[in-house]
Amino acid sequence: MKHPVDPATTPRAKAFSLWMKSPMPMVTLTKTMDITHLVKVSRKSGLKLNMLMCYCIGQAASTMQQFYLLPEKGGLMQYDSLAINVIVPNREGDINSCDIHFTEDLQKFNADYLSLTKKASEECQSSFLENDMVIGTSTLVQTEIDSVINQYTELFVNPMVMWGKYRKGFWKDTLPVSLQYHHAQMDGTHGATFLARLQEKISQLKISL
């Protein structure tokens, strides 16, 4: 669920007053992730690498209170749960998006990921979760991407994590990741902490095969 809160009563009060009227309130941080372990998990389990990335994003974000507050319509909205948005190529050559409710249950998250992305691809329709704080993702696997900088529209101020094709190495596989967020939602230290926690979740992911 979600409900409006008075920004002055939250830890984001000062940032809210500084950044809500900024013409460009978005911040982008980039970090090159070591995804060697995640690639191995994907290969051994047969689970999609993109799904595992989305799951790790949800894990990292769910540990930080900043991800549960989002600027909306000039105010702040408090959320109780998170979702990961995935962009899906559809059968007509266009794209659709689907919001996948985040749960720590990897089996459930994977089942939802597969069913919702398949439905979006086949039916060419997007699906949205209004009561979850949505973290956007965009995967540009056509080539290696170093960074994606400040995509902004007033219609979508949610945090977004973006990446391209991962880089295969002899000993290590790497993936540059861009995190974009609204400055009223979090500061640079929070963004950096999220990226550090994302690396931890990627490197420490354990699943039952």
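**How much accessible surface does the protein chain have, and what share of it belongs to carbon and sulfur atoms?** The accessible surface comes to about 11000 Å², and 53% of that belongs to carbon and sulfur atoms (Shrake-Rupley method with a 1.4 Å probe; for residues, only the protein chains shown count as cover). Keep in mind that this is a predicted model, where local features need pLDDT of at least 70, side-chain atom pairs count only at pLDDT 80 or more, and totals for chains, interfaces and linings use all residues. Residues are numbered from 1 along each chain as its sequence is written, and side-chain values use heavy atoms, with hydrogens and water left out.

View 1. Along the sequence they read β-α-β-α-α-β-β-β-β-α-β-β-β-α. The radius of gyration is 17 Å, close to the 17 Å from the globule rule for 209 residues, so the chain is as compact as a globular protein of that length (taken over C-alpha atoms; the rule is 2.2 Å times the number of residues to the power 0.38). The C-alpha trace spans about 50 × 40 × 30 Å along its principal axes.

**View 2. An open sheet of three strands, in the order E1-E4-E3.** The pairing is antiparallel (two strands pair if DSSP finds at least two bridges between them). E1 (2-5) and E3 (69-72) stand at the edges with a single partner strand each, so one side of each has no neighbour in the sheet. E3 and E4 (residues 75-79) share four bridges, and Leu70 has Met77 in E4 as its bridge partner.

**View 3. The largest nonpolar core, with 49 residues.** Such a core is a set of buried Ala, Val, Leu, Ile, Met, Phe, Trp, Tyr and Cys residues joined through side-chain atoms within 4.5 Å. Phe67 and Phe194 have the most contacts inside this core, while helix H3 (residues 49-61) gives the most to it, with nine residues. Phe67 touches residues including Leu82, Met133, Ile135 and Phe194 (contact means heavy atoms within 4.5 Å).

**View 4. Gln185, in the loop between strand E9 (174-182) and helix H5 (188-204).** Gln185 is buried, with a relative accessible area of 0% (buried means under 20%, exposed over 50%, partly exposed in between; 1.4 Å probe, protein chains only). Not counting residues up to four places away in sequence, Gln185 touches Arg12, Gln66, Phe67, Leu69, Leu70, Pro71, Met133 and Pro159.

Technical notes:
Helix = DSSP H or I, 4+ residues; strand = E, 2+ residues; numbered from the N terminus.
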